[in-house]
Structures are given as structure tokens and as C-alpha cells.
Amino acid sequence: MGQTYTRLKPQFENISFERKENTMVLNFGPQHPSTHGQLRLVLELDGERVKKATPEIGYLHRGVEKLAENMTYNEFMPTTDRLDYISAVGNNYAFALAVERLLDIEVPRKAQVIRTTLLELNRIISHIFFIAVHAMDVGALSMFLYAFKTREYGLDLMEDYCGARLTHNAIRIGGVPLDFPSGWIENLEQFLVEVERSVALFEGLLDENRIWKMRLEGVGTVTQERAKSWGLSGIMLRATGIAYDIRKEEPYELYGELDFDVPIGHNGDSYERYRLYMLEIAESIKILKQLICLYAQSSGEIMARAPEYISAPKEEIMTQNYSLMQHFVLVTQGMRPPKGEVYAPTESPRGELGFFIHSLGEPYPQRVKIKTPSFAHTAILQEMLEGVYIADIVTIVGSCNAIFGEVDR
């Protein structure tokens, strides 16, 4: 009794559109199939050109960072799958890497080989998915069918390894849960042959296709200054001519030992972004061929030995009382990392994905903050879309390759 309630103001109530008689406001999304998730663009149009674009996000917000602060470190791992759900292994690994640096533990060599293999396999799967849906958005429907056929073989490999095709949960803090099953490496080699054939097919269909080039060349151009100003990363940054790849700049896992190039563009338009995705698939194939050789030479354990933080191998848990007790405590109460802060950046298929963790020495982190590439790649749309035709909006949004599971979080 006697309580007063304040009406919540809509997000766009205070946004002023200086409209003239010949302008109109158009809502693009959040249900439009080409918005790649739940993106709403409020567009002020002058005829067929965009005068002003305002991205609205939040339709997919699930409070992931707050969930992380109310889960033990191992409990949170499957939740990371739901960020960039096209590249779940990359999310698993980025979080595991941050925790491992917080714990100051070293992952066994064999586990590093397996993890790097899974990361690059998932990169190929993600890039092929981009080619499929981006081409379909622009109007090349047959590309969607060809690309998804190839992608299925990659998903079969992930399913053979961890039992899941989309949300993999394939990485553990301190290593990996499983070794590759019998025959998996041979199937990976066959997959790489199939991908090489598919890339040649994709390039033959699109590279010199005059309709494809007319729809992409000179559309959604980003300059180096604008890319740095908005904090872009990944292919969105490299298409402007800046050769920045975290796998080269701050190597993690085995990337410091591997021979691969970082393709860069010059114009920063949608066509160059498409070309870089194709070139990166070829580089990932090169990396995986090297990892196949390294796997044949690797042996030993696949989880780090750190009894204070990580459970002992199953054989020891089943035979040694102390290991069983330690495992029970870690599962029921969670590990207690040292006090401190850590930020671990990684190069996801979309750009810089990093986890910041602030620990007070408790089983639950005090603060988890996730830096995702798609957030910046969505924010820049308000500048990229200014002055373009309505017909080019789908091309530009698609070429940014944002995934809204990691935008809204």
C-alpha cells in the first residue's frame, strides 16, 4: 500500500529522428531471417537510401556473465557453448585458457595437439557456415546446399569425438576429456580432401561471378582508421590491410610452432571479407595437416596434473582412496583458484574472443567479463549503413558475420 511505480521508458523514446516529409522509419528485424539472430535495425530512409541506422540488441540476452559468477568454474564450461554457437569449441577453449592461466598450470603436449586440432576443425566448420548463409542472403541459394553438405562431414567428426554436433563441450580446464577415437585421424584426412574440393567449387561459382561481385565489391567498406576506432578484430580488421591475428601476435597452444600465413585485404569491403574467409579455410587445412603429423608423434596424458584443482585420472579415482576423496571435493565444492585477475585473448573464427576473470580465491569467480568480436561488429553498423541502399543492408550485415549469442550474452 502506498507504493508508487515508475513506468519504464522504451529504449528508443529519447532517440530523435530529424524527419522530413520525404523520409520514413523502417524496422529491419528482429524477426527478419537475414539478421543472423535477433538484431533490430531502426532505419531512417530517404527514398531507397539509409540516412541513419540504429542497431538495437538484447533480444537474446540470457545473463551469461552473471551465470558464470554463480557457477563453479567447471559448471560454467557447458554454458560457454551458447555464446558463439557456430564455433562452440572456441568458446570452451577461451574460458579454459583463462582459468588455466589463473591457476598457472601447464597442459600436457598431447592435449595441446588435440585442442589445436579441434579449434582449427571448428574454424573450418564456422567459415563454411558463413559462406553458406551469406551467399544465400545475397541470392546464391545453390551455395547454401553445396556448403552445408561439406559442413555436415565436419560435424560428423565433432560428433564422433564428443557426441555433439553444435554445443560441443569438448574442452576441459587442464586438457581434454577424450583422446581421438580409432579411425578419427583417417576420417579427418578424408574431410580435408573434401574441403579442398569444395573450396575450389565455391571459388569457381563465386570469385568471378559478375552478379556476386556487383553485390559485394565496394559495399560495406571499412577503413583502417574506422576499424581501429571501433575495436574491430578478425577478418573485419584484416580486410582493411592490418595483419593482426592473435595466433601470431600472442601464440597459445601450438600456434607458435605451426607454419601458416595470415591473409589480409586492402579495400575493406564485403568482397574482400568473403575472399579472406576462403583463404583462411586453406590456411586451416595447412595447419591441420601439420597437426596430424604432430599427433602421430605425441603420447602421454591428456589432462594436467594439479591435484588441488583437477581430478586425477579415472583409473586412480577407482583404485586410490585419496584420489576419490579429492575428486568428491572438487565436484561438490569446486576448485579454489588463487586470488587475482587474468585476461586471456584468443582468435575465434570471428575475431578476438577473450575472458576476464577476477578471483577472490572462492569456488565462484567474483567477476567474469567476456570480450566478443561480434559486439563491435554489430555496433559499427550504425556507420557502415549510413548512405547505403536498402538492397545492400543484407549484404553488409551478412558480411560482418556477427553471432548474436555472443552479442547479447
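Me: Which residue in β3 stands opposite V42?

Reply: V42 stands opposite T54 in β3. This is a predicted model, in which local features need a pLDDT of at least 70 and side-chain atom pairs count only at pLDDT 80 or more, whereas totals for chains, interfaces and linings use all residues. Residues are numbered from 1 along each chain as its sequence is written, and side-chain values use heavy atoms, with hydrogens and water left out.

Me: What pLDDT does the protein average, and what is the pLDDT over residues 1-17?

Reply: On this scale of the predictor's confidence in each residue, from 0 to 100, the protein averages 88, and 95% of the residues score at least 70. Over residues 1-17, in contrast, the pLDDT is below 50. Beyond near neighbours in sequence, that stretch has 15 contacts in the model, a contact being heavy atoms within 4.5 Å.

Me: Why do β2 and β3 count as paired strands?

Reply: Strands are DSSP runs (E, at least two residues), as helices are (H or I, at least four), both numbered from the N terminus, and two strands pair if DSSP finds at least two bridges between them. Strand β2 (residues 40-46) and strand β3 (residues 49-56) have seven bridges in the antiparallel sense, so the pair meets that requirement. Two residues lie between the strands in their hairpin, where G47 takes a positive phi near 70°.

Me: What makes β1 and β3 the edge strands of their sheet?

Reply: The open sheet has three strands in the order β1-β2-β3, with antiparallel pairing, and β1 (23-28) and β3 each pair on one side only. Neighbouring strands of this sheet are turned by 20° against each other on average, direction ignored. Six bridges join β1 to β2, and L26 stands opposite L43 in β2.

Me: Why are α5 and α6 called roughly antiparallel?

Reply: Axes are lines fitted to C-alpha atoms, for helices over the stretch in contact, and angles between N-to-C directions run from 0 to 180 degrees. An angle under 35 degrees counts as roughly parallel, over 145 as roughly antiparallel, 65 to 115 as roughly perpendicular and the rest as oblique. The axes of α5 (residues 141-162) and α6 (residues 184-206) come within 10 Å and cross at roughly 165°, and the two helices are therefore roughly antiparallel. Their contact includes Y146 and Y153 in α5, and W184 and F191 in α6. By class, this contact has 14 nonpolar, four polar and three charged residues, where Ala, Val, Leu, Ile, Met, Phe, Trp, Tyr, Cys and Pro count as nonpolar, Asp, Glu, Lys and Arg as charged, and the others, Gly among them, as polar.

Me: What is the handedness of the crossing of α4 and α5, and at what angle do their axes cross?

Reply: The crossing of α4 and α5 is left-handed, meaning that the near helix is turned anticlockwise from the far one by less than a right angle, whereas clockwise would be right-handed. The axes of α4 (residues 109-138) and α5 come within 8 Å and cross at roughly 160°, which makes α4 roughly antiparallel to α5. Among the residues that meet are L118, I125 and F129 in α4, and F144, F148 and L155 in α5. By class, the contact of α4 with α5 has 20 nonpolar, two polar and one charged residues.

Me: What makes α4 and α16 roughly antiparallel?

Reply: Their axes come within 9 Å and cross at roughly 175°, with α16 covering residues 393-400, and α4 and α16 are therefore roughly antiparallel to each other. F130, H134, D137 and V138 in α4 meet V394, T395, G398 and S399 in α16. By class, this contact has three nonpolar, four polar and one charged residues.
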